[in-house]
Amino acid sequence: MAAAIAKSSIFFFFLCIALQSFCHSKAQSFIGINYGQVADNLPPPTATAKLIQSTSIGKVRLYGSDPAIIKALANTGVGIVIGAGNGDIPALGSDPNFAGQWVSTNVLPYYPASNISVVTVGNEVMTSGDQNLISKILPAMQNVQNALNAASLGGKIKVSTVHSMAVLAQSDPPSSGCFNPSFGDTMKAMLAFQRATCSPFMINPYPFFAYQSDPRAETLAFCLFQPNAGRVDSGTGIKYMNMFDAQVDAVRSALNGMGFKDIEIVVAETGWPYKGDPNEVGSNVDNAKAYNGNLINHLRSMVGTPLMPGKSVDTYIFALYDENLKPGPGSERAFGLFSPNLAMTYDVGLSKSTQTPTTPTTPVTPTTPNTPVAPSPKLGGWCVPKPGVSDAQLQANLDYACGHGVDCSSIQPGGACFEPNTVASHAAFAMNLLYQTAGRNPWNCDFSQTATLTSSNPSYNGCTYAGGGTLSGRLVEQEREREKSVHENSSSSIAPPKRQYYVLTFVYAIGYVIFLLQSL
């Protein structure tokens with residue numbers, strides 16, 4: 001009996017560790033990176049694999065299927081997207097045996113040790129103008145899918161293709177998003193295939209190019225997730241506070257309008273160059289750092305987009321390294337977040353040891369005044385926005401708070417504080433929770449002088465605000481422990497979600513019940 005009990009205890013101990021690792025690995029799986037290889041100065045794949053593991057990047061997209069890279073990422077848990085090039089499409093589309101050979105060569109030797117999750121067939125084919133490729137793209141995808149099915153990998157590895165934003169005939173306002181009618185039946189048949197196989201619609205939105213076509217100061221702020229007046233969608237009345245959400249929701253509207261509301265969207269590429277030719281307005285380090293850093297904070301906030309709230313779209317940032325052999329304007333060779341010597345080009349908060357940019361890219365970081373004069377946190381128990389703060393600043397505060405470790409699940413759909421579904425309400429909850437878990441010092445309730453302490457409890461209906469002695473201290477203390485864990489353990493990517501503790505508690509409870517039953 002004692003041996004059986006010991007075995008059960010060991011089993012549940014390791015089960016809990018496995019669950020903890022699972023929850024942790026999923027924490028930022030929505031942040032990916034593009035790994036292009038049009039260069040002659042890139043570091044060895046093994047060095048790159050170690051670099052990626054030192055960051056909170058959860059997925060890597062390859063444009064091909066380089067075996068050295070795929071092998072280097074084996075047993076890392078990093079998700080991998082591999083690609084069949086445009087040049088392979090005619091053979092893949094016309095010869096099922098070629099598709100089978102492609103899968104046998106590029107997938108089977110490496111999976112599952114290398115976590116290949118998607119095969120992309122071609123890149124921006126629909127807008128290439130090459131009718132031969134366009135006519136073969138769907139048969140190629142189908143043949144690759146059939147080859148995966150034959151290898152019993154059909155439900156494990158998805159097949160998709162990547163589109164440019166030019167597949168849309170209209171995208172402004174977002175609610176008017178629709179596909180170019182010239183693609184007609186081809187696009188509809190492709191989407192039907194993707195629905196049947198549960199594969200994602202992969203798109204390349206670039207606010208950088210939107211700014212290039214409209215280089216006004218207000219457009220730049222809108223593109224960089226910085227404070228701005230916002231843009232109201234005349235079709236829905238929704239106010240958009242950044243170009244990324246607007247572009248992604250335009251794609252959502254196009255899919256919905258064609259009857260494919262259930263197809264998931266993945267952002268296959270987005271980024272901002274840190275330098276470019278003299279005529280490439282906006283291509284500089286400050287803008288690149290602001291866009292990528294604020295994008296990452298926005299994704300971490302789990303706020304989602306207005307049409308897809310409460311979930312961050314899987315997003316692959318372009319790019320891991322500069323590609324010094326790429327043709328075209330100077331900006332094409334200046335998107336890399338890291339240099340070939342593995343140093344950061346600029347810090348956007350991806351390193352597990354920092355998690356936040358060294359210089360915040362939005363003016364929302366709480367600052368420490370020289371002589372704090374705000375009321376004591378014990379007297380003024382809640383941090384709330386000051387009257388008259390713009391939606392733009394509140395959105396920035398919301399992204400900052402939810403992107404820095406606090407649990408914002410209560411303001412996501414189904415959460416106790418989701419209603420009213422307004423920026424002001426959600427920002428107030430998140431700002432207060434960050435204040436409560438960051439130490440409850442007066443300077444933790446600053447947010448660039450847009451917040452103030454109050455002794456009036458802002459809780460309402462079933463929505464309870466932390467602090468003021470009215471909420472169970474467990475929530476606040478739990479959040480503090482999570483923050484402490486992040487600082488003490490540099491190997492953690494971010495503080496694990498609160499639901500992880502509920503899962504672990506449940507598992508421990510089951511283990512204890514079984515222990516009692518076995519001891520009877």
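The legends below describe an overview and several close-up views of a predicted model. Residues are numbered from 1 along each chain as its sequence is written, and side-chain values rest on heavy atoms, with hydrogens and water left out. Local features need pLDDT of at least 70 and side-chain atom pairs count only at pLDDT 80 or more, whereas totals for chains, interfaces and linings use all residues.

**Overview of the protein chain.** The secondary structure comprises 15 helices and 16 strands, taken as DSSP runs numbered from the N terminus (helices H or I, at least four residues; strands E, at least two). Of the 520 residues, 51% count as buried, where buried means under 20% relative accessible area, exposed over 50% and partly exposed in between (1.4 Å probe, protein chains only).

**Close-up of the nonpolar cores.** A nonpolar core is a set of buried Ala, Val, Leu, Ile, Met, Phe, Trp, Tyr and Cys residues joined through side-chain atoms within 4.5 Å. In the largest one, of 93 residues, V107 and F201 touch the most other members, and helix α6 (residues 131-150) gives the most to this core, with nine residues. Apart from it lies another core of 27 residues, among them F429, A430, Y435 and A466.

F222 lies in the helix spanning residues 217-223 and, at 2% relative accessibility, counts as buried. Leaving aside residues up to four places away in sequence, F222 touches N228, R231, Y240, M241, N242, M243 and A246, contact meaning heavy atoms within 4.5 Å.

S331 is found in the loop that runs between β14 (315-317) and β15 (382-385), and its relative accessibility of 2% counts as buried. Beyond residues up to four places away in sequence, S331 touches P273, K275, G276, D277 and E280.

**Close-up of the disulfides.** With a disulfide taken as a pair of cysteine sulfur atoms within 2.5 Å, the count comes to three. C383 and C445 are linked with their sulfur atoms 2.1 Å apart; C383 lies in strand β15 and C445 in the loop between α13 (423-437) and β16 (451-454), so the pair ties together parts that are 62 residues apart in sequence. C402 is joined to C408 (S to S 2.0 Å), and the torsion about this S-S bond is about -100°, so the disulfide is left-handed. C417 is joined to C463 (S to S 1.9 Å), and with 100° about the S-S bond this link is right-handed. Both C417 and C463 are buried.
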